[in-house]
Amino acid sequence: MKRILFVCVENSNRSQMAEGFARMHGGARVDAYSAGSRASGTINPRAVQFMAERGIDLRTQRSKSLDEIGNGPFDAVVTMGCGDACPWVAATRRVDWALPDPKNLDDAEFRGVRDDIERRVIALLHELETQA
């Protein structure tokens with residue numbers, strides 16, 4: 001089983017969506033987590049709405065800080081546009097996806113970020129499987 005951590009600043013949009021896609025596409029092969037360097041404490045209702053369009057329910061998720069997740073080890077840690085606000089976490093592989101925070105984007109742009117995250121998660125899962 002591959003352990004993956006997705007990190008953004010608030011853990012309310014990007015990392016939550018990535019965790020949802022990793023669980024959906026990775027199934028039992030993946031142990032996915034998400035956290036924020038400065039967790040907001042809430043998940044953006046638009047993230048919940050737009051992930052529901054893809055069959056993923058984020059209503060039971062909550063915004064978590066990195067302190068709640070622990071230090072790993074992880075097979076992959078993916079930072080999502082948080083730059084210096086994302087601290088170092090032990091991982092075999094580290095990736096930065098410089099994605100815009102969709103919280104202030106219009107609906108079409110928000111969905112575009114969501115779809116980009118899904119494509120990247122699928123590619124990451126494939127890469128992790130071929131490295132096994």
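Let's start with Asn-11, which is buried at a relative accessible area of 0% (buried means under 20% relative accessible area, exposed over 50% and partly exposed in between, with a 1.4 Å probe and protein chains only). Please keep in mind that this is a predicted model, in which local features need pLDDT of at least 70 and side-chain atom pairs count only at pLDDT 80 or more, while totals for chains, interfaces and linings use all residues. Residues are numbered from 1 along each chain as its sequence is written, and side-chain values use heavy atoms, with hydrogens and water left out.

Asn-11 sits in the loop between strand 1 and helix 1; here helices (H or I, at least four residues) and strands (E, at least two) are DSSP runs, numbered from the N terminus. Its backbone deserves a look: Asn-11 has a positive phi of about 55°, although it is not a glycine. Most residues other than glycine have a negative phi.

Ser-12 belongs to the loop between strand 1 and helix 1 too, and Ser-12 is buried, with a relative accessible area of 4%. What does Ser-12 contact, leaving aside its neighbours within four places in sequence? The partners are Ser-40, Thr-42, Ile-43, Asn-44 and Ala-47, where contact means heavy atoms within 4.5 Å.

Move on to Arg-14 and you are in helix 1. Is Arg-14 buried or exposed? It counts as buried, at 4% relative accessibility. Leaving aside neighbours within four places in sequence, Arg-14 is in contact with a set of residues that includes Cys-8, Met-80, Asp-101 and Ile-117. Arg-54, 40 residues away from Arg-14 in sequence, lies 15 Å from it in space, C-alpha to C-alpha.

Strand 3 (residues 74-79) is joined to strand 4 by 5 bridges, and Ala-76 stands opposite Arg-93 in strand 4. Strand 1 is joined to strand 3 by 4 bridges, with Phe-6 opposite Val-78 in strand 3. Because 5 of its 6 residues are buried, strand 3 is largely enclosed by the rest of the structure.

Finally, the helices. The axes of helix 1 and helix 4 come within 9 Å and cross at roughly 45°. The two helices, helix 1 and helix 4, are therefore oblique to each other (angles under 35 degrees count as roughly parallel, over 145 as roughly antiparallel, 65 to 115 as roughly perpendicular and the rest as oblique). Among the residues making the contact are Arg-14, Met-17 and Phe-21 of helix 1, along with Phe-110, Ile-117 and Val-121 of helix 4.

Conventions
Pairing = 2+ DSSP bridges. Axes fitted to C-alpha atoms, helices over the stretch in contact; angles between N-to-C directions.
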